[in-house]
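Please open the structure in your viewer and follow the stops below in order, making each selection before reading what is said about it.

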Amino acid sequence: MTETGKKQGRVFSGARPTGRQHLGNYLGAIKNYVALQDEYKDTIYSIVDIHALTTVETTQNLKQNTYEMALDWLAAGLRPDESIIFIQSHVPEVMELHTFFSMVTPLGKLTDLPTFKEKIRQQPHNVNYGLVGYPVLMAADIALYKAVLVPVGIDQAPHIEFTREVVRSFNYRYKTDVLVEPQMKATQVPKVLGIDGVSKMSKSLNNHIELAATPEETQKRVMQMVTDPQRARRSDPGNPDVCNVFTMHKIFSSAEEVEMINTECRRAGIGCVDCKKIFARNLNDNLAPFRERRAAWAQNPDQVWDVLNDGGKRAKVIAEQTIAEVKEAIGLP
Ligand code: AMP
Ligand code: TRP
């Protein structure tokens with residue numbers, strides 16, 4: 001514990017600049033960024049623009065997408081006086097560590113990763129070298145800041161395990177203990193489903209609900225949500241246990257409403273349309289303070305860029321120190 005009553009040990013997370021964030025990003029990751037900011041003294045959050053270059057869609061509109069994402073993070077409650085919020089490429093030391101890590105990484109381990117296999121399926125015409133090395137760069141992100149805890153969605157679990165292995169290999173190869181093995185931290189909803197009710201919510205599948213959408217847009221998206229597929233008619237009883245809308249109610253609605261829906265859905269007392277209307281209203285109510293804070297930051301884009309530039313300077317100080325220790329450990333002349 002420190003004098004501020006917060007825990008020692010650094011928290012680090014990153015996300016590619018995909019622009020406006022969705023409920024999946026929020027419930028799977030950002031919610032924990034904010035919670036850990038309250039709990040830990042050192043929290044660092046990075047917009048990983050170099051990682052974005054591995055796929056063509058995320059290579060476009062980098063500036064605008066970075067800005068939109070930073071707005072969402074600030075609106076969600078990240079405080080620049082407490083957390084470092086920065087752009088990955090502002091601290092090029094990460095690419096040095098990436099190269100050092102690549103020498104202790106068996107190629108087969110990278111090509112065996114489920115995340116890599118999925119990417120090959122998604123973009124068979126762009127299986128670039130950077131894509132294979134994606135987890136190595138992510139490991140470098142985390143290790144550069146000696147983070148002990150990494151808040152991410154469950155899809156990132158293989159990458160965190162990989163990071164632990166690389167750190168172990170590095171420390172073993174160079175008979176050192178300069179680098180630290182991190183732990184993953186998932187939220188209560190580590191995998192948020194999209195409005196299709198089947199796949200992980202993601203922008204590329206267009207099954208997402210943006211945090212910064214207007215209340216009207218949000219309601220429209222919610223009304224498109226797929227519910228219990230067995231419930232074909234209004235008069236059929238439903239099963240909330242297999243309904244993604246009910247999962248969301250449990251996060252955004254009051255205990256009484258959750259109880260009411262749980263009971264009434266099962267005996268066809270409430271239909272999916274009404275159930276979704278209640279959810280849309282509660283979601284909009286929950287997001288109202290977020291949207292207000294976002295609008296306030298958006299009044300001053302320069303201030304948002306200042307936050308990111310200042311964060312980069314603070315992150316660089318830590319990174320330079322680690323790189324010096326790493327080079328010393330390797331024994332580079
Ligand atoms: P991405 O936008 O894919 O770079 O993800 C940024 C962060 O949000 C990562 O920590 C992901 O694990 C998390 N995330 C993205 N989509 C989801 C989802 N549908 N459910 C849970 N977490 C997610
Ligand atoms: N791979 C992560 C994702 O797709 C993004 C990321 C890059 C990251 N570097 C990181 C997450 C370091 C946590 C820590 O979401």
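Start by selecting helix 10, residues 244–252, together with helix 11, residues 255–266, whose axes come within 8 Å of each other and cross at roughly 160°. Because angles over 145 degrees count as roughly antiparallel, helix 10 and helix 11 are roughly antiparallel to each other. If you turn the view to look through the pair, the crossing of helix 10 and helix 11 is left-handed. Please bear in mind, here and at every later stop, that this is a predicted model.

For a second pair of helices, select helix 4, residues 93–102, and helix 13, residues 301–330, whose axes come within 10 Å and cross at roughly 25°. Since that angle falls under 35 degrees, helix 4 is roughly parallel to helix 13. The crossing of helix 4 and helix 13 is left-handed.

Next, select ligand 1 and display the residues around it. Which residues come nearest to ligand 1? Of the 17 residues around this ligand, they are Gly153, Asp155, Pro190, Val192 and Met201. Keep Asp155 in view, where an N or O atom of the side chain is 2.5 Å from an oxygen atom of ligand 1. At Gly153 the backbone takes part instead, with a polar backbone atom 2.8 Å from an oxygen atom of the ligand. Moving on to Val192, you will find a backbone N or O atom that lies 2.8 Å from a nitrogen atom of ligand 1. The protein covers 92% of the 480 Å² of accessible area that ligand 1 has on its own.

The last stop is ligand 2, which has 13 residues around it, with Gly14, Tyr134, Met138, Asp141 and Gln156 coming nearest. Which side chains place a polar atom by a nitrogen atom of ligand 2? One is that of Tyr134, where an N or O atom of the side chain is 2.7 Å from a ligand nitrogen. Another belongs to Asp141, with a polar side-chain atom at 2.8 Å from a nitrogen atom of the ligand, and Gln156 likewise has a side-chain N or O atom 2.9 Å from a nitrogen atom of ligand 2. Taken on its own, ligand 2 has 370 Å² of accessible area, of which the protein covers 92%.

To finish, select strand 1 (7–15) and helix 7 (129–144), the elements that give two or more residues to the shell around ligand 2. Helix 7 accounts for the largest share of that shell, with four residues. Coloured by class, the shell around ligand 2 divides into seven nonpolar, four polar and two charged residues.

How values were computed
Residues are numbered from 1 along each chain as its sequence is written. Chains are lettered from A and ligands numbered from 1 in the order in which they are written. This is a predicted model: local features need pLDDT of at least 70, side-chain atom pairs count only at pLDDT 80 or more; totals for chains, interfaces and linings use all residues. Side-chain values use heavy atoms; hydrogens and water are left out. A residue is near a molecule or strand if one of its heavy atoms lies within 4 Å of it. A polar contact is a pair of N or O atoms within 3.5 Å; within protein, one must be able to donate a hydrogen and the other to accept it, and residues adjacent in sequence count only if both atoms are side-chain atoms. Accessible areas come from the Shrake-Rupley method with a 1.4 Å probe; for residues, only the protein chains shown count as cover. Ala, Val, Leu, Ile, Met, Phe, Trp, Tyr, Cys and Pro count as nonpolar, Asp, Glu, Lys and Arg as charged, and the others, Gly among them, as polar. Axes are lines fitted to C-alpha atoms, for helices over the stretch in contact, and angles run from 0 to 180 degrees between N-to-C directions. Angles under 35 degrees count as roughly parallel, over 145 as roughly antiparallel, 65 to 115 as roughly perpendicular and the rest as oblique. A crossing is left-handed if the near helix is turned anticlockwise from the far one by less than a right angle, and right-handed if clockwise.
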